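Here's a quick briefing to read with the structure open beside you.

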Amino acid sequence: MCTYSTEKVALARSSGKTRDGWQPMSQATVYYDHPVHAPDAHTVNIDFLGREPGSRVAVELSLESARELLAALEVTVERAKHH
Amino acid sequence: MRYDATLAETIGIRGHGDDLIEAYTARPMDPGPHPGMIVIHHMPGYDRESKEITRRFATMGYSAICPNLYTREAPDAEPDDAAATARAQGGVPDERFVGDARGAAAWLRSLPNATGAVGAIGYCSGGRQAVLTGIEVDVQATVDCYGAFVVGTPPDGFPLKVGPLADRIPELGAPLLGLFGNDDSYPSPEQVDELEKLLQENGKTYEFHRYDGAGHAFFSVDRPAYRPEAAVDGWAKVADFLARHLHQDVVGSN
């Protein structure tokens, strides 16, 4: 679509809840591109991918929401060190 | 009263490597004969809107076919899931696309009411693939709707198994219609200039139209990028271009 640029992350010991229930997730792709559903022209999209195309957990985030999510992830991962 | 009827259905065709791939076809039901059109879907996949475009070409008098380029990665998946899977795997390799496009062209020419003339049109990533079709496949016209990376260098993180086609423009064998939005970044107006210069230098038959107030995907009726004025004019330009290049015996041009 627009930029094509995609960040890919291999996932280990991770799961996602798909339309068919909980399944292992093996990869995440993160990209800024046209959304399917969200109302903006471009969104930060994350696909958690599992065994087959249909077992995908997808989100399309406004840039502002993506920034807040990023901060929340950083705080949470940092906090996890102390557990 | 003019008879206006279209047959639209899913079929299987033989693509690259003789693989059976899914395709959506729409054909006028009058006896014809009819030229063929290959519709190359955008990166979001073989979706409802791509099928709608395919049916529109049938109403314009073309036997049309839209191969599902993500059949192999994601058979029977919903279009958005298929597109996500294809993206994660780096997109459609050029060689495989070319095989699928050749299969689509052969299928169109096998129809009993085919004229033998075949054109192609592609949107978004399909725009680049439409240019590639004009280079690699026996087609008599091709239409690039805002295809990125026909020229220009892909940015960092570019995962697709494709590269620019600039050095292959001398091999372009079909007249090219290009439709672009001036607010687009991929391709940017400068990249459209660069492609136009290459076409001129190589003496190619081409026609470009660029729209102010429009960006990428201005034909996409279901997206915020839709620009009705550009899309309406763009469809008229497509109809005119195809009439000149796929109906040469009928209209006597060229």
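This is a predicted model: local features need pLDDT of at least 70, side-chain atom pairs count only at pLDDT 80 or more; totals for chains, interfaces and linings use all residues.

In chain A, strand E5 (residues 43–49) and E6(A) pair in the antiparallel sense, with 6 bridges between them. Within that pairing, A:Ile46 sits opposite A:Val59 of E6(A).

- E5(A) and E6(A) belong to an open sheet of 4 strands in chain A, ordered E1-E4-E5-E6 and paired antiparallel.
- At the edges you'll find strand E1 (7–10) and strand E6 (56–61) of chain A; each has a single partner strand, so one side of each is left without a neighbour in the sheet.
- From one strand to the next, the twist averages 15°.

**What packs on the sheet**

- Helix H1 (residues 63–80) of chain A lies across strand E4 (27–33), E5 and E6 of chain A, and runs at about 115° to E6(A).
- Chain B contributes too: its helix H2 (residues 79–88) packs on the sheet and touches E1, E4, E5 and E6 of chain A. The direction of H2 of chain B makes about 100° with that of E4(A).
- Leaving aside residues up to four places away in sequence, B:Ala88 touches A:Lys8, A:Gln27, A:Thr29 and A:Leu49.
- Is B:Ala88 buried or exposed? B:Ala88 has 5% relative accessibility, so it counts as buried.
- B:Ala88 and B:Val131 are 43 residues apart in sequence, and their C-alpha atoms are 24 Å apart in space.

**The hairpin and the overall make-up of chain A**

- Going from the N terminus, the elements of chain A read β-β-β-β-β-β-α, which comes to 1 helix and 6 strands.
- Strand E2 (residues 15–18) and strand E3 (residues 21–24) of chain A run antiparallel and are joined by 4 bridges. A hairpin of 2 residues connects E2(A) to E3(A), and A:Gly16 has A:Gln23 in E3(A) as its bridge partner.
- The C-alpha trace of chain A spans about 40 × 30 × 20 Å along its principal axes.
- Of the 83 residues in chain A, 36% are buried.
- Chain A exposes about 5400 Å², with carbon and sulfur atoms supplying 58% of that area.
- Take the contacts in chain A between residues at least 6 apart in sequence: 27% of them join residues at least 24 apart.

**Salt bridges between the chains**

- Over all chains, a search of the whole structure turns up 23 salt bridges.
- One of them joins the side chains of A:Arg56 and B:Asp81, at 2.7 Å from N to O. This pair crosses between chains, from strand E6 of chain A to helix H2 of chain B.
- Salt bridges with shared partners join A:Arg19, A:Asp47, A:Arg56, B:Glu78, B:Asp80 and B:Asp81 into one network.

**Salt bridges within chain B**

- B:Arg128 forms a salt bridge with B:Asp94, and their closest N and O atoms are 2.8 Å apart. The pair links distant parts of the chain: B:Arg128 is in helix H4 (residues 125–136) and B:Asp94 in helix H3 (residues 94–110) of chain B, 34 residues apart.
- B:Arg128 is buried at a relative accessible area of 4%, and B:Asp94 counts as buried at 19%.
- B:Arg168 and B:Glu136 meet through their side chains in a salt bridge of 2.9 Å, N to O. B:Arg168 lies in the loop between strand E6 (141–145) and strand E7 (176–181) of chain B and B:Glu136 in helix H4 of chain B, so the pair ties together parts that are 32 residues apart in sequence.
- Both partners here are partly exposed: B:Arg168 has a relative accessible area of 22%, and B:Glu136 has 28%.

**A nonpolar patch on chain B**

- B:Tyr3, B:Leu7 and B:Met29 make a nonpolar surface patch of about 310 Å².
- B:Tyr3 sits in the segment before strand E1 (6–14) of chain B, and at 53% relative accessibility B:Tyr3 counts as exposed.

Methods:
Residues are numbered from 1 along each chain as its sequence is written. Chains are lettered from A and ligands numbered from 1 in the order in which they are written. Side-chain values use heavy atoms; hydrogens and water are left out. Patches are made of residues with over 30% relative accessible area and no salt bridge: like charges are joined within 9 Å, nonpolar side chains (Val, Leu, Ile, Met, Phe, Trp, Tyr) within 5 Å. Accessible areas come from the Shrake-Rupley method with a 1.4 Å probe; for residues, only the protein chains shown count as cover. A salt bridge is a side-chain nitrogen of Lys or Arg within 4 Å of a carboxyl oxygen of Asp or Glu. Buried means under 20% relative accessible area, exposed over 50%, partly exposed in between (1.4 Å probe, protein chains only). Two strands pair if DSSP finds at least two bridges between them. Axes are lines fitted to C-alpha atoms, for helices over the stretch in contact, and angles run from 0 to 180 degrees between N-to-C directions. Contact means heavy atoms within 4.5 Å.
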